[in-house]
Amino acid sequence: MIYQRSSALFAEAKKYIPGGVNSPVRAFKAVGGDPIFVKKAKGAYLYDEDGNKLIDYIASWGPLILGHAYDPVINAVVEKAKNGTSFGMPTEIETELAKLAISMVPNMDKIRFVNSGTEACMSAVRLARGYTGKDKIIKFAGCYHGHSDSFLIQAGSGAVTFGSPNSPGVTQGTAKDTLLAEYNDLDGVKELVKANKGELAAIIIEPIAGNMGCIIPTDIFMNGLREICTQEGILLIFDEVMTGFRLAKGGAQEVLNIKADIVTYGKVIGGGLPVGAFASRTEIMDYLAPDGPVYQAGTLSGNPLAMSAGLAMLTELNNNPEVFKSLADKTEYLHKGIAEVLTQKGIAHQINKYGSMISVHFTNEPVVDFASSAKGNNETFKKYFHGMLAKGIYLPPSAFESYFLNDAISYEDLDATINAVKEIDL
Ligand code: PMP
């Protein structure tokens, strides 16, 4: 495939935008080469500026669970836009989306909308600190909760891809309140909690991690976290920005059967428009301004276009929950197909998967945390990524990212993907 125009557009972008992109992973630094500039997309496919058609396994990093330019979402946004794009005043549709979202997820009484996953996680931690009166939080190495200062401590996703899991610009003062544990290591958490007794506001975790590849928690680990939090009066925050409305209607809380104290959302809940949200029990949410003392706000929060996209998306998922099974079946098919080919080729690999999240790691060892994920062979990953791209398959351009399947992907697309793995040199 030819990517001439994309390369030219990238060169031009670099003159005016740092690194040519508005979010680092897009720049292809981890895999080399120039990023692809997209012109439009429909269903499972991206169409780039050079006229190439690609099968998309990123789906805007998760939101487009039913495929690109999904008609009910597009129609809702277009209709809404005719009545104005933003008011900074209450609108009925905010309550409609809130009501629907709360009815789909377990254990949540109230929800507040923001504009991104970063804002959702940042606000959830502020609320947890305000509610508990404690300062410290525990996060897990390789988990990504957005780019707010407290989370850029051994962060996953683009932060680790670019070698800045601890970013310059985050003050020591902020960093000291973020304690770091290893994913799936309950003993490590117990030690931290003991050493910081009475000082912890929250433990924040990706309940199925997607930012160091896809990593699944053990039952003992997750149940243990819940128990510790309950015993110690620490709030358990599930960052469901990836998993919310993707793994099931009720997200990870439902599939893992664990109740969190605060849950953050992003991606699917906005149907591809900028939306994040955080939710909790009434007693905690009423700590927020204007009724409570914890300040949190946003000019564009609850924006009518974003709310209409989210409402259309969640309505579809609520009415057709079989989509979650369909996605999991497709992901299973892809898993089996890729694993078979890599085994035939004699390439060391691990494939992790949960529902419609999946990641391929080029290593012999089970990938259960950040350290084991980082052992993957990045040279093989680069060949795999570029080989697949040349065959028209668009995968995440970093081994630390999960693929997100969308339900517009057909079994023919999956077969084409598996065949591409067969044909590439690794
Ligand atoms: N939490 C998780 C689990 C995420 O995966 C992401 C983004 N990929 C975020 C938070 C931050 O969301 P946003 O990029 O919308 O700020």
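The model is predicted, and the predictor gives the complex an ipTM of 0.99 and a pTM of 0.97. Across the protein chain the mean pLDDT is 96, with 99% of residues reaching 70 or more.

**Around the ligand**

- The ligand is surrounded by 17 residues, and the closest of them are Ser116, Gly117, Thr118, Gly146 and Val241.
- Helix α4, which covers residues 117–132, supplies the largest share of this shell, with three residues.
- Sorted by class, the shell holds ten polar, five nonpolar and two charged residues.

**Helix α11 and its partner α2**

- Helix α11 spans residues 304–319 and helix α2 spans residues 71–81; their axes come within 8 Å and cross at roughly 150°.
- Angles over 145 degrees count as roughly antiparallel, and α2 and α11 are therefore roughly antiparallel to each other.
- If you turn the model to look at this pair, you will find that the crossing of α2 and α11 is right-handed.
- On the α2 side the contact involves Pro72, Val73, Ala76, Val77, Lys80 and Ala81.
- On the α11 side these residues meet Pro304, Leu305, Ser308, Ala309, Leu311, Ala312, Met313 and Glu316.
- The contact of α2 with α11 is made up of eleven nonpolar residues, one polar residue and two charged residues.

**Helix α11 and its partner α3**

- Helix α3 (residues 92–104) also packs with α11: the two axes come within 9 Å and cross at roughly 35°.
- The crossing of α3 and α11 is left-handed.
- From α3, the residues in this contact are Ile93, Glu94, Glu96, Leu97, Leu100, Ala101 and Met104.
- Their partners in α11 are Pro304, Met307, Ser308, Gly310, Leu311, Leu314, Thr315 and Asn318.
- By class, nine nonpolar, four polar and two charged residues make up the contact of α3 with α11.

**Helices α7 and α8**

- Helix α7 (residues 186–195) packs against helix α8 (residues 219–232) at an angle of about 15°, and their axes are 10 Å apart.
- Angles under 35 degrees count as roughly parallel, so α7 and α8 are roughly parallel to each other.
- The crossing in which α7 passes α8 is right-handed.
- Leu186, Val189, Lys190 and Val193 of α7 make this contact with Ile220, Phe221, Gly224, Leu225, Ile228 and Glu232 of α8.
- The contact of α7 with α8 has seven nonpolar residues, two charged residues and one polar residue.

**Two backbone details to look for**

- The peptide bond that runs from alanine 289 to proline 290 is cis, with omega near 15°.
- To find this spot, look in the loop between α10 (282–285) and α11, where proline 290 lies.
- Tryptophan 61 is not a glycine, yet this residue has a positive phi of about 65°.
- You will find tryptophan 61 in the loop between β3 (53–56) and α2.

Methods
Residues are numbered from 1 along each chain as its sequence is written. This is a predicted model: local features need pLDDT of at least 70, side-chain atom pairs count only at pLDDT 80 or more; totals for chains, interfaces and linings use all residues. A residue is near a molecule or strand if its C-beta atom, placed from the backbone, lies within 6 Å of it. Helices (H or I, at least four residues) and strands (E, at least two) are DSSP runs, numbered from the N terminus. Ala, Val, Leu, Ile, Met, Phe, Trp, Tyr, Cys and Pro count as nonpolar, Asp, Glu, Lys and Arg as charged, and the others, Gly among them, as polar. pLDDT is the predictor's confidence in each residue, from 0 to 100. Axes are lines fitted to C-alpha atoms, for helices over the stretch in contact, and angles run from 0 to 180 degrees between N-to-C directions. Angles under 35 degrees count as roughly parallel, over 145 as roughly antiparallel, 65 to 115 as roughly perpendicular and the rest as oblique. A crossing is left-handed if the near helix is turned anticlockwise from the far one by less than a right angle, and right-handed if clockwise. Two residues are in contact if their C-beta atoms, placed from the backbone, lie within 7 Å.
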